[in-house]
Amino acid sequence: MQTPPAISFRNFDHSDAVEARILEKIAKLETFYDRIVGCSVVVEAPHRHHAKGKLYHVHIVITLP
């Protein structure tokens, strides 16, 4: 990848474990297509009123040539 991935968190604190997992998944994508130019990931906690665990929205934008 030509530029480092941009990872941002919304509505909750930064987590090193989540960031490491995202970087692992990006590396796996690069094994399928090695011409990825850039990647942007936004992890968002929409609200905190779930009775069964936490749900998150993940938005991924991959830039290709």
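E24 counts as partly exposed, because its relative accessibility is 49%. The cut-offs: buried means under 20% relative accessible area, exposed means over 50%, and partly exposed lies in between, with a 1.4 Å probe and protein chains only.

Before I go on, the ground rules. This is a predicted model: local features need pLDDT of at least 70, side-chain atom pairs count only at pLDDT 80 or more, and totals for chains, interfaces and linings use all residues. Residues are numbered from 1 along each chain as its sequence is written, and side-chain values use heavy atoms, with hydrogens and water left out.

Back to E24. Which residue does E24 form a salt bridge with? The partner is R21, with the closest N and O atoms 3.6 Å apart. By salt bridge I mean a side-chain nitrogen of Lys or Arg within 4 Å of a carboxyl oxygen of Asp or Glu. A search of the whole structure finds one. E24 and R21 are three residues apart in helix α1, so about one helical turn separates them. R21 is partly exposed too, at 48% relative accessibility. Helices (H or I, at least four residues) and strands (E, at least two) are DSSP runs, numbered from the N terminus.

Now D13. D13 sits eleven residues from E24 in sequence, and 20 Å from E24 in space, C-alpha to C-alpha. D13 belongs to the loop between β1 and α1. Buried or exposed? D13 counts as exposed, because its relative accessibility is 68%.

N11 is also worth a look. N11 lies in the loop between β1 (6–10) and α1. Its phi is positive, about 70°, although N11 is not a glycine. N11 counts as partly exposed, at 45% relative accessibility.

Next, the inside. Which residues make up the largest nonpolar core? Six of them: F9, I22, I26, C39, V41 and V43. A nonpolar core here is a set of buried Ala, Val, Leu, Ile, Met, Phe, Trp, Tyr and Cys residues joined through side-chain atoms within 4.5 Å. Two elements, α1 (16–32) and β2 (38–44), each supply at least two residues of this core. β2 gives the most, with three. Take I26 from that core. Leaving out residues up to four places away in sequence, I26 touches M1, P5, C39 and V41. Contact means heavy atoms within 4.5 Å.

On to the rings. A pair of aromatic rings is described by the distance of the centres and the angle of the planes. Rings of Phe, Tyr and Trp (its six-membered ring) pair if their centres lie within 6.5 Å; planes under 30 degrees apart count as stacked, over 60 as edge-to-face, and the rest as tilted. The structure holds two aromatic pairs. One of them joins F9 and F12, edge-to-face, at 5.4 Å centre to centre and 85° between the planes. F9 is buried, at 17%. F12 is partly exposed, at 22%. F9, F12 and Y56 form one aromatic cluster.

Y56 is in the loop between β2 and β3. Y56 counts as partly exposed, at 39% relative accessibility. Y56 also belongs to a nonpolar surface patch of about 770 Å², together with L29, F32, Y33, V58, I60, I62 and L64. α1 and β3 (57–63) are the elements that give two or more residues to this patch. β3 has the largest share, three residues.

Note on methods. Patches are made of residues with over 30% relative accessible area and no salt bridge: like charges are joined within 9 Å, nonpolar side chains (Val, Leu, Ile, Met, Phe, Trp, Tyr) within 5 Å. Accessible areas come from the Shrake-Rupley method with a 1.4 Å probe; for residues, only the protein chains shown count as cover.
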